Amino acid sequence: MSRVKSSIASYETKCVTSDANNIAHNGKSRTVGVLALQGAFAEHVEYLEACIAQHGYPVHVMPVRTAAQLERCDALVIPGGESTAMTQIASRMGLHEALARFVQDPRRSVWGTCAGLILLAREAADAAPAAAPQRPAALVEPLKALEVAVRRNAFGRQAQSFVATCDFSAFLGPSETQGFPAVFIRAPVIDHVIDPERVEVLHRLAGADGAPGTGPIVAVRQGRILGTSFHPELADDTRFHDWFLRDFVLGDHK
Ligand SMILES: NC(=O)CC[C@H](N)C(=O)O
């Protein structure tokens, strides 16, 4: 991964030139930004690039740190990391408003993973605010695009991180290995869907009694917006990224 991180700067420059060329020569070319303020953005860049290289999609990927870079994107991935830190950095850099406009724009597709899901939500609450009454309120400023209420750190601390093998074949399609390793790190859950007419529940974990599909909601779709509690960019499996590119970025994302 460090190889990817170290190559980001040079590749930002490359993207500026090739974006301009591609948009000029091919109206169907798309630019996917990965918000690169904090967190696991390099891994998303790497996975998206791998899918593009494998299938020859007419898509460019670029790390996004400014409103001007965001403006050039057709789609955006908001990575996992720390939603409070991302809120603060985005506000300090004058990017928060531009991000809110972008994710609410019906022409743009968006994917939030973990902290990214928290940022996309209409409402975000802490897991147990009563447990730390002295602490100031969390400084997450959700972008209010995805009509769900999320609960942060719903499974506990970092040490309670886990991998759940999930069957996502209903939307990723059948494959030789149905199980997808969903990595949960201080993950949020979707506490409830605010607008069930618009938001489709894609996946629920097993319930406490082990019954499949009766536990917390961990993946949702609202048309052009995808939200996942877990980190597909750490799964060593690019099927989720491939689906996002095909269905949300290049498809009509209805
Ligand atoms: N892995 C993650 O993205 C963790 C999210 C983090 N707990 C938050 O609240 O932002």
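Trainee: What is the place of Asp-236?
Mentor: Asp-236 sits in the loop between β12 and α8. Helices here are DSSP runs of H or I with at least four residues, strands are E runs of at least two, and both are numbered from the N terminus. Before we go on, this is a predicted model, where local features need pLDDT of at least 70, side-chain atom pairs count only at pLDDT 80 or more, and totals for chains, interfaces and linings use all residues. Residues are numbered from 1 along each chain as its sequence is written.

Trainee: Why is Asp-236 called exposed?
Mentor: Asp-236 has 9 C-beta neighbours inside 10 Å.

Trainee: What makes Ala-235 partly exposed?
Mentor: Ala-235 has 18 other C-beta atoms within 10 Å, so it is partly exposed. Ala-235 is also in the loop between β12 and α8.

Trainee: Which residues is Ala-235 in contact with, leaving aside its neighbours within four places in sequence?
Mentor: Phe-180, Pro-181 and Val-183. Contact means that the two C-beta atoms, placed from the backbone, lie within 7 Å. For Val-183 and Ala-235, the C-alpha atoms are 6.7 Å apart, although 52 residues separate them in sequence.

Trainee: Where does UniProt place the feature "active site"?
Mentor: The unreviewed UniProt entry puts it at Cys-114, His-231 and Glu-233. They span 120 residues in sequence, yet no two of their C-alpha atoms are more than 10.9 Å apart, so they gather at one spot. UniProt positions are given in the numbering used here, feature names are shortened, and annotations may be inferred rather than shown by experiment.

Trainee: Are Cys-114 and Glu-233 buried or exposed?
Mentor: Cys-114 is buried, because 31 other C-beta atoms lie within 10 Å. Glu-233 is buried as well, with 28. Cys-114 lies in the loop between β4 (109-113) and α6 (115-120), and beyond four places in sequence it touches residues including Gly-80, Ile-185 and His-231.

Trainee: What surrounds the ligand?
Mentor: The shell includes Gly-80, Glu-82, Cys-114, Arg-152 and Arg-186. A residue is near a molecule if its C-beta atom, placed from the backbone, lies within 6 Å of it.

Trainee: How do you know that both faces of strand β3 are covered?
Mentor: In β3 (residues 75-78), Ala-75 and Val-77 on one side and Leu-76 and Ile-78 on the other are all buried. Strand β3 pairs with β1 (residues 30-35) in the parallel sense over three bridges, and with β4 in the parallel sense over four bridges. Strands pair if DSSP finds at least two bridges between them, so β1 and β3 qualify with three.

Trainee: What is the mean pLDDT of the protein?
Mentor: The mean is 88, and 84% of the residues reach 70 or more. pLDDT is the predictor's confidence in each residue, from 0 to 100. Over residues 1-26, pLDDT stays under 50. Where pLDDT is low, the predicted coordinates should not be read in detail.

Definitions and conventions: Buried ≥ 20, exposed ≤ 12 C-beta atoms within 10 Å, placed from the backbone.
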